[in-house]
Amino acid sequence: MARPKDSEREDVRALVLAKAKELFLAEGYRHITMRRIAEEIGYTPGTIYLYFKSKEEILYELHNEGFKLLYQYKLKMLDSGVSTALDRLTEGGKTYIAFALENPEYFELMFNMPEPRDYMEKLKKRTDTSRDVPIDYAMQSYEFLKQSILGCLEEGYLQEVDPDVATLAFWSLGNGLASLI
């Protein structure tokens, strides 16, 4: 198939992501190839490589989409009138669980699907400056939670805890509860 026109580029990119997400969830990340994704959407593998350098990059983008959505949930929660850090922490946990229940496919993809062993290392080595590197919404979500933890420390609700350890503990608690539900 011919290269897509500029006006079609975003549609093709979205199509690749949607099909990859579907395939990763149905058959597992390890069982899907770039060629398979291309076949499923009716394009050549070379066309997909115009948008993504690798299957790992597609997975990263899907993770980032999910974390962006989670971050948007958290921003909406702030608009609901929470005033203290403890309220922000409590409502943030409820928001996290609501996200998981309302977006089970993203939740599965983001937290329960095994990634390649060297996935995070490959992401750290991303040095391609010819493309815009997207905002890392996973880190923004982490920092959002950490700010709530720091606020709780300042307000005296938590004492003598390492903010990073507490952030991971609260994230793990929310993740565990969402998984159990």
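Reader: Hi! Let's start with Y96: buried or exposed?

Author: Y96 counts as buried, because its relative accessibility is 5%, and the cut-off for buried is under 20%. Keep in mind that we're looking at a predicted model.

Reader: Got it. How many aromatic pairs does the structure hold?

Author: There are eleven aromatic pairs in the structure. One of them is formed by Y96 and F111, with 5.9 Å from centre to centre and 55° between the planes, which makes it tilted.

Reader: Where in the chain do Y96 and F111 sit?

Author: Y96 belongs to helix α5 (residues 85-102) and F111 to helix α6 (residues 104-112). They are 15 residues apart, and the pair links distant parts of the chain.

Reader: And why is F111 called partly exposed?

Author: Its relative accessible area is 23%, so F111 counts as partly exposed. That value falls between the 20% limit for buried and the 50% limit for exposed.

Reader: What about the rings of F107 and F111, how are they arranged?

Author: Their centres are 5.1 Å apart and their planes meet at 50°, so this pair is tilted. Both residues lie in helix α6, four residues apart, or about one turn of the helix. F107 is buried, because its relative accessibility is 5%.

Reader: Which residues form the aromatic cluster?

Author: F67, Y96, F107, F111 and W171 form one cluster together.

Reader: Nice! New topic: what lies over the face of Y29?

Author: That would be K55, at 4.2 Å from the ring centre. Elsewhere, K76 has its charged end over the ring of Y73, 5.7 Å from the centre.

Reader: Lysines again! Where is K146 found?

Author: K146 is in helix α8. It counts as buried, because its relative accessibility is 16%.

Reader: So what does K146 touch, leaving aside its neighbours within four places in sequence?

Author: K146 is in contact with P163, D164 and T167. As for L89, that residue is 57 residues away from K146 along the chain, and their C-alpha atoms are separated by 9.4 Å.

Key: Residues are numbered from 1 along each chain as its sequence is written. This is a predicted model: local features need pLDDT of at least 70, side-chain atom pairs count only at pLDDT 80 or more; totals for chains, interfaces and linings use all residues. Side-chain values use heavy atoms; hydrogens and water are left out. Helices (H or I, at least four residues) and strands (E, at least two) are DSSP runs, numbered from the N terminus. Buried means under 20% relative accessible area, exposed over 50%, partly exposed in between (1.4 Å probe, protein chains only). Contact means heavy atoms within 4.5 Å. Rings of Phe, Tyr and Trp (its six-membered ring) pair if their centres lie within 6.5 Å; planes under 30 degrees apart count as stacked, over 60 as edge-to-face and the rest as tilted. A charge sits over a ring if NZ of Lys or CZ of Arg is within 6 Å of the ring centre and within 35 degrees of the ring normal.
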